[in-house]
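The sequence and the model are shown first.

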Amino acid sequence: MSTPGPVILYGYQTSPYAHKIQNILTLKKIPYKRVNVANILPRPELKELLGIPYRRIPVLAIGNDVYCDTNIIVPVLERRFPSSDGYDTLYPHRKGSISSDTGLIKVLSRFYTDRALFADVVGLLDWKDIPEAMLKDRAETLLEQQLSNGREWLLDTESPSMADMAIHSLIAWGKTLPDTEDVFSKDRFPLTIAASTLSFPSSILWADRLTNLLKQRWVEPTTITGEEAMALINDSTNELAEVVGFDELEAKRLGVKKGDRDDDFKLSMGLLLMTMNVGTKHITEGTLVGLSAEETVIEVRGQKGMNKCHFPRFGFTVKRLAQ
């Protein structure tokens, strides 16, 4: 297997999204290093050393490219560590088929998990007070029905897909929270959580199966400091600019152009698209160097060098600082 550069995960232990990316790295057998950051701002490892004030975790560096937000990290890991190089894929074929339901996997993992399960349940309610009807609507009717025919993975794929990884990470994280014993019980979710010899002769069901697979592949990452990470990033190269490219038509629509520099541009969360009103407080400024339908790339100046900072298009906007 070839590697495009050192992989460094910035996160903290209780972050469900950092936990998800950690599991994906483990599933794909990608070696990486870890930088532990605080669960609240400030995070000098990012803002002071790399010039990236982005407030959410995780952040992932691959060589001299730094990726912010799981919605860009996941597809980039698939792109830069493809199955053709020997890495597992997050979008496997259906069993007995040469086709993959990539779109369905993305919808289930991104919108169902992040919106329905995480936002509605985790963000708004105490676990012990979750109504029975909501549990049935949010999890049981989907997961239990998907698993009711004895399939190994949620979408009956040859191996775990991104849908399995996203939902499993949320459940695994949720089980660590207080007052969740009754929520994540084998009686409530017999096909999802615990063994049931009546339904499956293997007696190991979906969540246990994926947990065991990740345990088998787990390799403890080396923990490094922010300064050590900065040195590795500064000494590394970038992915070829042609991979992301620059969409001149889209740039014209946005009123921007390639190479506009530093104080002329900012990248901030789009308030109408995000659930948290943080759009003007944590702006990443730099030189616009890449723009596609999926990705925005700006070159930012850190304490001791330059790096390319990547954001997803969805949920973010790039515009002139003066606007």
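A pocket, as the word is used here, is an open set of points on a 1 Å grid over the protein atoms alone, with protein on both sides within 12 Å along at least five of seven lines, and its lining residues are those that have an atom within 4 Å of a point. The model examined with this term is a predicted one.

In this model, 24 residues line the second largest pocket, and those nearest its centre are Asn71, Pro75, Lys106, Arg110 and Glu294. The space in the second largest pocket comes to about 450 Å³. Two or more lining residues come from each of helix H3 (70-80), helix H4 (102-122) and helix H9 (241-244), and the greatest contribution is that of H3, which supplies eight residues. Sorted by class, the lining of the second largest pocket holds eleven nonpolar, four polar and nine charged residues.

The strands form a second topic. Strand E3 (residues 59-62) runs antiparallel to E4 and is joined to it by four bridges; isoleucine 62 has aspartate 65 in E4 as its bridge partner. Two residues lie between the strands in the hairpin of E3 and E4, where glycine 63 adopts a positive phi near 65°. E4 is also joined to strand E9 (residues 306-312), in this case by three bridges and in parallel, and tyrosine 67 stands opposite histidine 310 in E9.

In a regular strand, side chains alternate between the two faces of the sheet.

Which cysteine sulfur is nearest to that of cysteine 68, and how many Å away is it? A disulfide requires a pair of cysteine sulfur atoms within 2.5 Å, and by this rule the count comes to zero disulfides. Cysteine 68 is in no disulfide, the nearest cysteine sulfur being that of cysteine 309, 3.7 Å away; cysteine 309 is likewise in no disulfide, with the sulfur of cysteine 68 as its nearest at 3.7 Å. Cysteine 68 is buried, at a relative accessible area of 0%, and cysteine 309 is buried with a relative accessible area of 0%.

| Cysteine 68 | Cysteine 309 | 3.7 Å | 0% |
| Cysteine 309 | Cysteine 68 | 3.7 Å | 0% |

How values were computed
Residues are numbered from 1 along each chain as its sequence is written. This is a predicted model: local features need pLDDT of at least 70, side-chain atom pairs count only at pLDDT 80 or more; totals for chains, interfaces and linings use all residues. Side-chain values use heavy atoms; hydrogens and water are left out. Two strands pair if DSSP finds at least two bridges between them. On a 1 Å grid over the protein atoms alone, a cavity is a set of points where a 1.4 Å probe fits but cannot get out, and a pocket is an open set with protein on both sides within 12 Å along at least five of seven lines; lining residues have an atom within 4 Å of a point. Grid points are joined across faces, edges and corners, and a volume is the space filled by probe spheres set on the points. Ala, Val, Leu, Ile, Met, Phe, Trp, Tyr, Cys and Pro count as nonpolar, Asp, Glu, Lys and Arg as charged, and the others, Gly among them, as polar. Buried means under 20% relative accessible area, exposed over 50%, partly exposed in between (1.4 Å probe, protein chains only).
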